[in-house]
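Visitor: I'd like a close look at one part of this model, with the backbone geometry spelled out. Could you walk me through it once it's on screen?

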Amino acid sequence: MSSRFPRRAGFAALALLALVACEREQRELRTPPSGAATVPTIRVGGIVPGPAGALPDSIPTGPAAEDRTSPYEENAYAISEGKRLYSWMNCIGCHGEGGGAIGPALMDQTWIYGGSPANIYATIVEGRPNGMPSFGGRLTDDDVWKLVAYVRSMSAQPSKAARPGRNDDMQTKKSEQRELRKATNESSSPDGTRPQ
Amino acid sequence: MPAEDAGPRVSLIVRSVAVALALGFVAVPTSGQSPRDGDWPMASKDYANTRYSDLAEITADNVSTLRVAWTFSTGVVRGQEAAPLVVGSTMYIVTPYPNRLFALDLAQGGALKWTYDPKPQSSSQGVACCDVVNRGAAYSDGTIYFNTLDAHTVAVDAATGQEKWRTQMGDINIGESMTMAPLVVKDRVLVGVSGGEFGVRGWAAGLDAKTGEVAWRAYSTGPDKEVLIGPDFKPFYEMDRGKDLGVKTWPPGTWQIGGGTVWGFMAYDPELDLVYYGTGNPGPWAPHQREGDNKWTTGVFARRPGDGSARWFYQTGPHDLFDWDGINESILVTLKLGGQDRKVMLRPERNGFLYVIDRATGEVLSATPYGFVNAAKGVDLKSGRLQPVAEKEPQVNKVVRDICPAAPGAKDWNPSAWSPRTQLLYIPHNNLCMDFEEQGGNYIAGTPFVGAKVKFVKGRGGFGGLFTAWDPVKQQKAWELPDEFPVWSGALATAGDVVFYGTLSGYFRAVDARSGKVLWQFKAGSGIIGQPITYRGPDGQQYVAVLSGVGGWAGGVVSGDLDVRDSTAGNGWGTAAHDLPQRTTKGGTLYVFALP
């Protein structure tokens, strides 16, 4: 029993190798519905063609289902690690501290390529055509998910208990006063002076 | 231009001269004036970078009646920094990314003649530090030359819009992009690279105008042979002399990612056969990561256009501390100084000083603050060195506050204009201070290499910018006009003694060149950061044109939809430009004005 099993496994491995070795000729005989396998929720479009409810059960819809793809959504330690990586990997150079610069703002509610954890993961790994570099292969999967968790925290998606504090170093006022300033921004005086 | 154009052109000139005489204007000829004085063949109008036109139909007396003649939408709502070109009866405009080139028929009220689309890589938008701008094209000998954001130089037939050649000059994967307007000198197309915030090793290059082959490339850092420094290199100051300073004034190896990019306006003196251009900031911004003078960043080069060989260099900012690029334009003029005529260049520098430099030798004759400066004590004319103020020097992980001027300088890229009639330099510029925190940067090719956090605020007086008329002989301002925001447009001077500029909030203004009185203004669709020009149309009339479309570094808050709750948004503008989204929206429209 114990001696036969490895032999059988060896045959299976050879057969598999034979199949895999002919990469060019490889065929998928039963193709899964798109998006159902490893990357379940990379859905940037808001329109899903066809009758409602016709999606296979395996394709998650709705935020709760999407969130399960992120291992660190409410993990304070991972989010703070993500914040460190955000600086180290120079994300900060393009997106600032969430306000954006070369790249878009991340602290607002606008997501060009989708704001679910899986969307953000894909954006970081794959890059995007209008300038977002592809970091695939430059970071471990784990680190990407930490970055995802931090990026989402900028627009207050995870609960406040898990979010790190915003950087105060460039501020001249305490954060309580900044909240006030934010509120009065909309009605700043016409001569352009900023309420302090 | 085709030969058949010569006839109508001559008659136009005759007609306009007759008009000028009839109206009693005195034509003041300037050196190097081409016969096509009604044209605008390069971004700065002429090799001396004056942006001064002899056209004098529009005057202080009649400018109040100026009205829109026609408009054109560029179809791109990003920062429009370009100068339109006018050659004969055609206008040429190059847009921000995707860098389309439009030819407009001036005889048909600006109707579109043709479009050339260079199709730059869309990923190049990710390596453009300060919006996806382009500063314009250059015309020479039937050809339009310009650069694309993905670092190609292209030549397009001015009559047909057919591509003549296209040369890849850089690689976006290491952060190289191109935004400057080329300068064409004889058979050389002179261009340079952008990307000082990406650890790019800066360079300028001369291409063969006929074939697009790279004749020379001169780096701004590294060994002398790659900087094209040879036996004829004679810098005026001791600090700029020595072998391989582009290597020795850096920590080992860091010159390879040291910046010194070339993206401003070049100038050319035909008598000395010297081309002048400035080099950008060293990288990263964090100064403790690059101890030393960081040659040949933040200074001005004089080179032979034919082979690129360096003749002199002067470093306006040895070991730059604050991103004070040396790329600002050099305006070549002759001034009466100490009783004799001196061939000088005027440089309104980012660091806040207006330099008058002997353009044959590189000797600084004077350097006077034209804006508020508290981060430098002055320029020591003996050593040529900028004198820093110790308490404003960056420290690692400490926020140093109230550094004036801010990183965009007392003036950024946006070019000044010189009127030989008033002998004044018209400077559109900033009134900004900043808080600066040095943190240190990681170099990852193709990503920003800055290593500092900055926050700009409006400067003394609570306003963001100024339009200043400067007397370089008296070394003082003649007058100035404050503005709510930094003045990020170019300036235009005319023989009608009217000067023009635009504001970030979208006003295009005509100002009396002598008194500074605002004579006329027009509210454009979007903020103005373009370079105004004037030209004589096929009907013999004088026109003024400017692109409206907010953006660039200062206007990126609007063009990039940034969130100003982050005070560092847009690499520093979250505070100083926080109210700009309440004043203007995105746009991309050419406005052309004429008298009724």
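Where in chain B is P405(B) placed?

Guide: Keep in mind that this is a predicted model. P405(B) is in the loop of chain B between β25 (399-403) and β26 (417-419). D402(B) belongs to strand β25 of chain B. As for its surroundings, D402(B) has 17 C-beta neighbours inside 10 Å, so it counts as partly exposed; the cut-offs here are 20 or more for buried and 12 or fewer for exposed.

For positive phi, have a look at D561(B), a non-glycine with a value of about 50°. D561(B) is found in the loop between α4 (552-559) and α5 (569-576) of chain B. With 15 other C-beta atoms within 10 Å, D561(B) is partly exposed.

Now for how some of the strands in chain B pair up. Take β38 (residues 589-594) of chain B, which pairs with strand β2 (residues 67-73) of chain B in the antiparallel sense over 6 bridges. In that pairing, S73(B) has T589(B) as its bridge partner in β38(B). β38(B) also pairs with strand β37 (residues 542-548) of chain B, antiparallel over 6 bridges. There, Y543(B) stands opposite A594(B) of β38(B).

Another piece of chain B is an open sheet of 4 strands, ordered β3-β4-β5-β6, with antiparallel pairing. Its edges are β3 (85-87) and β6 (111-116); each has a single partner strand, so one side of each has no neighbour in the sheet. From one strand to the next, the twist averages 25°. The partner of β6(B) is strand β5 (residues 101-105) of chain B, and the two are antiparallel over 5 bridges. Within that pair, L101(B) has Y116(B) as its bridge partner in β6(B).

Over in chain A, helix α3 (residues 76-88) gives you a quick geometry check. At 1.5 Å a residue, its 13 residues should span 18 Å, and the end C-alpha atoms are 19 Å apart, which agrees. Buried residues in α3(A) include A78(A), I79(A), G82(A) and Y86(A), and also E81(A) and K83(A). In an α-helix there are 3.6 residues a turn, so residues three or four places apart point the same way. The buried residues of α3(A) pack against α4 (91-95) and α6 (141-154) of chain A. After α3(A) comes N90(A), with a positive phi near 70°.

Last, the place where the chains meet: the contact takes 30 residues from chain A and 34 residues from chain B. The chain A side that touches chain B is made up of 12 nonpolar, 13 polar and 5 charged residues.

Terms used: Residues are numbered from 1 along each chain as its sequence is written. Chains are lettered from A and ligands numbered from 1 in the order in which they are written. This is a predicted model: local features need pLDDT of at least 70, side-chain atom pairs count only at pLDDT 80 or more; totals for chains, interfaces and linings use all residues. Two strands pair if DSSP finds at least two bridges between them. Axes are lines fitted to C-alpha atoms, for helices over the stretch in contact, and angles run from 0 to 180 degrees between N-to-C directions. The expected span of a helix is 1.5 Å times one less than its number of residues. Two residues are in contact if their C-beta atoms, placed from the backbone, lie within 7 Å. Ala, Val, Leu, Ile, Met, Phe, Trp, Tyr, Cys and Pro count as nonpolar, Asp, Glu, Lys and Arg as charged, and the others, Gly among them, as polar.
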